[in-house]
Amino acid sequence: LMVFMLIAIMAMPALAVGPNNTVFEINKGETQTLFSGAITASVTAGNATEIPIRGYRGGLLQVQTVSGSGSWSIGIFTADTLGGTYSTPYVLSYDLSAYTAIPSITASCNSGTYLSYYIPFIGANYLKLVPTLTGSGTSTTFTFTPFK
């Protein structure tokens, strides 16, 4: 009986609690390395990887600096169609009084730095994460894993 219960528990999906105590299932999509591996300079929106996120609620951006030091600002852009027009997504404020742009993610990175950022409630079919380097150069790898 204990073995059966353990198997039953292991087969259960991972659950999380969201806004207003909403319970939802967490499933991961395939992790994608963005920009074909480590990059050492800013990326234009046109050259950024299009990430299909239809059916996902958010995702995990991971930033790993292999060498160098500098700062990155990572812009978040969404579109409804592959190859479509990408724009800054807006979200409704907590008090439901106004919409605000999802801010860029900023990261100061030195060689060996590994950072993770969860991006919740994307609500679009496609996503682009566009990094802009400031300061000295770094060789940095960006990956993104979508979550349901």
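Helices (H or I, at least four residues) and strands (E, at least two) are DSSP runs, numbered from the N terminus. This is a predicted model, in which local features need pLDDT of at least 70, side-chain atom pairs count only at pLDDT 80 or more, and totals for chains, interfaces and linings use all residues. Residues are numbered from 1 along each chain as its sequence is written, and side-chain values use heavy atoms, with hydrogens and water left out.

**Figure 1**
The chain holds 1 helix and 11 strands. Of its 148 residues, 36% are buried. Here buried means under 20% relative accessible area, exposed over 50%, and partly exposed in between (1.4 Å probe, protein chains only). Take the contacts between residues at least 6 apart in sequence: 79% of them join residues at least 24 apart. A contact means heavy atoms within 4.5 Å. The chain exposes about 8800 Å², and carbon and sulfur atoms supply 58% of that area. Accessible areas come from the Shrake-Rupley method with a 1.4 Å probe; for residues, only the protein chains shown count as cover.

**Figure 2. The largest nonpolar core has 25 residues.**
A nonpolar core is a set of buried Ala, Val, Leu, Ile, Met, Phe, Trp, Tyr and Cys residues joined through side-chain atoms within 4.5 Å. Leu61, Leu129, Phe142 and Phe144 have the most contacts inside this one. At least two core residues come from each of strands S3 (32–39), S5 (58–79), S8, S10 (126–134) and S11 (138–147). S5 gives the largest share, 5 residues. In soluble globular proteins, nonpolar side chains tend to be buried together.

**Figure 3. Strand S8 has a covered face and an uncovered face.**
Ile105, Ala107 and Cys109 lie on the covered face. Thr106, Ser108 and Asn110 lie on the uncovered one. In a regular strand the side chains alternate between the two faces of the sheet. S8 pairs with S5 in the antiparallel sense, over 6 bridges. Two strands pair if DSSP finds at least two bridges between them. Across this pairing, Trp72 stands opposite Ala107 of S8.

**Figure 4. Ile105 is a buried residue of strand S8 (residues 105–110).**
The relative accessible area of Ile105 is 11%. Beyond its neighbours within four places in sequence, Ile105 contacts Leu61, Trp72, Ser73, Ile74, Ile76, Tyr117 and Ile119. Tyr117 is 12 residues from Ile105 in sequence, and their C-alpha atoms are 8.2 Å apart.

**Figure 5. Thr143 is buried in strand S11.**
Its relative accessible area is 15%. Leaving out residues up to four places away in sequence, Thr143 touches Thr31, Gln32, Thr33, Leu34, Leu60, Leu61 and Gln62.

**Figure 6. Leu96 belongs to a nonpolar patch on the surface.**
The patch is made of Tyr90, Leu92, Leu96 and Tyr99, with about 490 Å² of accessible area together. Patches are made of residues with over 30% relative accessible area and no salt bridge: like charges are joined within 9 Å, nonpolar side chains (Val, Leu, Ile, Met, Phe, Trp, Tyr) within 5 Å. A salt bridge is a side-chain nitrogen of Lys or Arg within 4 Å of a carboxyl oxygen of Asp or Glu. Leu96 sits in the loop between strand S6 (90–92) and strand S7 (99–101). Leu96 is exposed, at 61% relative accessible area. Although Leu96 is not a glycine, it has a positive phi of about 60°.
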